[in-house]
Amino acid sequence: MRPRAAQAPAMSDTSNDGEADVGSPPSAGGQFFDTVGSVFRGLGFDTAADNLARYRSGVGGTHVYSNAEIARHGPLLRYEDQNRSMFESFSFVGENDRGNPTGVLQNIRDGEMVNYHDNFLSSGTPHWPSTYLAFGRTGVLSKLTGTARRDGDNIFIDGEVTHDFNGGNNQGGELFDFNPGQPGRRSATEAEAAGEARPFTMHMDRRQTVSALARYEPNGLLTLQRVDWGAVR
Amino acid sequence: MPAPNPHTALGASVGNEQTNAHADILWVKQALRDLGRYNPQRETLPFIDRMLLEAVRAYQRDRGLRVDGLLRPGGPTEACLRVECARVPRRPLP
């Protein structure tokens, strides 16, 4: 059983018809998630257990994970690191992720400063059980907001990069729910119909400054000369 | 001749006054090219040049490594380059 990496919201019906009476035993679906959550807890998969408990609470809404909790999930940090490499290898030398010049940095006139935005997404199926059971197939979307300034042959890029789960269409946040056909789906449908569970949106709010210097070469290419990443906060 | 080490990309050290085997020089140039840090103006030659040394030093500085312009087989600079290059697509050298 695992949560799906959702691309589109699929919130459950919130009518009162299926709401459980206070004090009545949970539905079979609700019991299933309670049992699985206990197993996760016993195995030390705390984030997975907490996520099931949030889902099982039926409240929905949004949960923002702390940096300390994200730091326990190596695969997420690797996705983030991969995005930093992509910024350095492509964005900061004026190319898209296929290595083609975007023209934005190349067309800045000497002394001019422009807004500079870009983003990269790294995703996959985490090979750590604790991460996979917590987030399923997931990814990290990193977005740069900043400026690019030209001074002679040098381009100075300064800005802030935010890292979040990927909600699709370059939007942050990802829904914790269960896809049709996936283990747990039937129990999820039952629990949600009984008002005992509800999908929620997962966010991380990790951000860091970045400062880069690239140099125009006579052949028209930009070469990365320096990059400084601030601490993630 | 020692057997090649599958855990290193370099056969011998690269840098000023090092072995600088042609295959090793080309590997370093390709790695730094993939990372956007080395853009030679002409055909890539298997010899060490100032642009390469500058790129190696800048990379070491940005990664918090010892800035000595040297790469040793299995050393920290080579290891970092291997990890990073695995994350990004390859760019052809001229």
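**View 1. Chain B and chain A bury about 1500 Å² between them, and 39% of it lies on carbon and sulfur atoms.** Buried area here is the accessible area (1.4 Å probe) that two parts lose on being put together, summed over both. In chain B, the residues that lose the most area to chain A are Q41(B), R87(B) and R91(B), together 34% of what that side buries. The contact (heavy atoms within 4.5 Å) takes 19 residues from chain B and 21 residues from chain A.

A word on the model: it is predicted, so local features need pLDDT of at least 70 and side-chain atom pairs count only at pLDDT 80 or more, while totals for chains, interfaces and linings use all residues. Residues are numbered from 1 along each chain as its sequence is written, chains are lettered from A and ligands numbered from 1 in the order in which they are written, and side-chain values use heavy atoms, with hydrogens and water left out.

**View 2. Four salt bridges are found across the interface of chain B and chain A.** A salt bridge is a side-chain nitrogen of Lys or Arg within 4 Å of a carboxyl oxygen of Asp or Glu. One of them joins the side chains of R37(B) and E88(A), at 3.7 Å from N to O.

**View 3. Helix 1 (22-34) and helix 2 (50-62) of chain B are the elements that give two or more residues to the side touching chain A.** Helices (H or I, at least four residues) and strands (E, at least two) are DSSP runs, numbered from the N terminus. Helix 2 of chain B gives the largest share of that side, four residues.

**View 4. In chain A, five strands form an open sheet in the order 3-4-5-8-9, with antiparallel pairing.** Two strands pair if DSSP finds at least two bridges between them. At the edges are strand 3 (113-124) and strand 9 (222-229) of chain A, each pairing on one side only. Strand 3 of chain A is joined by 12 bridges to strand 4 (residues 138-151) of chain A. Look for S123(A), which stands opposite G139(A) in strand 4 of chain A.

**View 5. Strand 8 and strand 9 of chain A form a hairpin with five residues between them.** In the turn, G220(A) has a positive phi of about 90°.
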